Amino acid sequence: TEYTALKLKVKEWSSEAAAAVEGKIPADASVYFVPATLRPETMYGQTCCFVGPAIKYGIFKVSDKEYFVCTKRAAWNMAFQGKFFDLDNFPKDQKELEAVVELPGSAFVGTLINAPLSLHEQGVRILPMDTVLASKGTGVVTCVPSDSPDDFATIRELAKKAEYYKIQKEWAELEIIPVLETPAYGKLSAQHLVEKMKINSPKDDKQLAEAKDLAYKEGFYNGTMLVGEFAGQKVQDAKEKVRQQILQSGDGFAFADPSGEVISRSA
Ligand code: ZZB
């Protein structure tokens, strides 16, 4: 699958992450969470970024000035795609691609990051999502609750049980921004579908998969952009334009995911 990986720059670490990175990353370097998305045109509506609380993440050095937070599996895939410019010798196996810091997702919760294109320009938070798959994409998922039923169901749950999830309620309550409009589901397709299908929990995986499929199709074939440079244009046209903008501005890069297969060149 050909994803767009977006670079969400860390503005302020959670206290647990701050303690772990202390002395390991130069003060003038930028660290980015790099979620992989198939919906670049929805990036205006990002309200947070998810990590799996129990998933192990690494902070990987990309150059003297840039570090990425993702799973080791994703870093390894990126290395093959030329995203790690500083490697003198191509890594022969995954052991040679050591993270500078390794932490469970839970340690990053509360970190403040800047999400490119998001209308929440003051920044968004890293929040926990139990259904993130370590085996897919980069293991980091940006949250667009206007158009992703999974994201809507998760932030609703997080806001409801903020204390249980050890977050500040307001981190999960940033305004949901309408990004595109469709004849069938209006301006907030995710909320519309979650409510219509009576989806009660982020763990209703069968129903959420169906809602996701419906939202994808309706958004792509019948959607019109409401915000951004391509407002008024069809989603079908805007999608590639926004993607090119992200790639050209350096706010993201193309990332191919060999669908869960672990590549090995050591043989
Ligand atoms: C932002 C976004 C906005 C997404 C939207 C979807 C939607 P697919 O089709 O199943 O491959 N995703 C990426 N990586 C992971 C992961 N490791 N674990 C769980 N979810 C992940 O799904 C690709 C989408 O799944 C990606 O695109 C990402 O969420 C999520 F409005 O990024 B998306 C109707 C969906 N709308």
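Guide: The largest nonpolar core has 76 residues, and those with the most contacts inside it are Cys48, Cys49, Val69 and Leu127. This is a predicted model: local features need pLDDT of at least 70, side-chain atom pairs count only at pLDDT 80 or more, and totals for chains, interfaces and linings use all residues. Residues are numbered from 1 along each chain as its sequence is written.

Visitor: What makes a set of residues a nonpolar core?

Guide: Such a core is a set of buried Ala, Val, Leu, Ile, Met, Phe, Trp, Tyr and Cys residues joined through C-beta atoms within 7 Å. The largest share of this core, 5 residues, comes from α2.

Visitor: Why is α2 called largely enclosed by the rest of the structure?

Guide: A residue is buried if 20 or more other C-beta atoms lie within 10 Å of its own, exposed if 12 or fewer, and partly exposed in between, with C-beta atoms placed from the backbone. Helices (H or I, at least four residues) and strands (E, at least two) are DSSP runs, numbered from the N terminus. In helix α2 (residues 72-80), 7 of the 9 residues are buried, so the helix is largely enclosed. The buried ones are Arg73, Ala74, Ala75, Trp76, Asn77, Met78 and Ala79.

Visitor: Which strands do the buried residues of α2 pack against?

Guide: They pack against β6 (56-63), β7 (66-70) and β14 (252-256). Contact here requires C-beta atoms, placed from the backbone, to lie within 7 Å.

Visitor: What does Cys48 touch, not counting residues up to four places away in sequence?

Guide: Cys48 touches Val124, Arg125, Leu127, Cys143, Ile155, Trp171, Ala172 and Leu174.

Notes:
Two residues are in contact if their C-beta atoms, placed from the backbone, lie within 7 Å.
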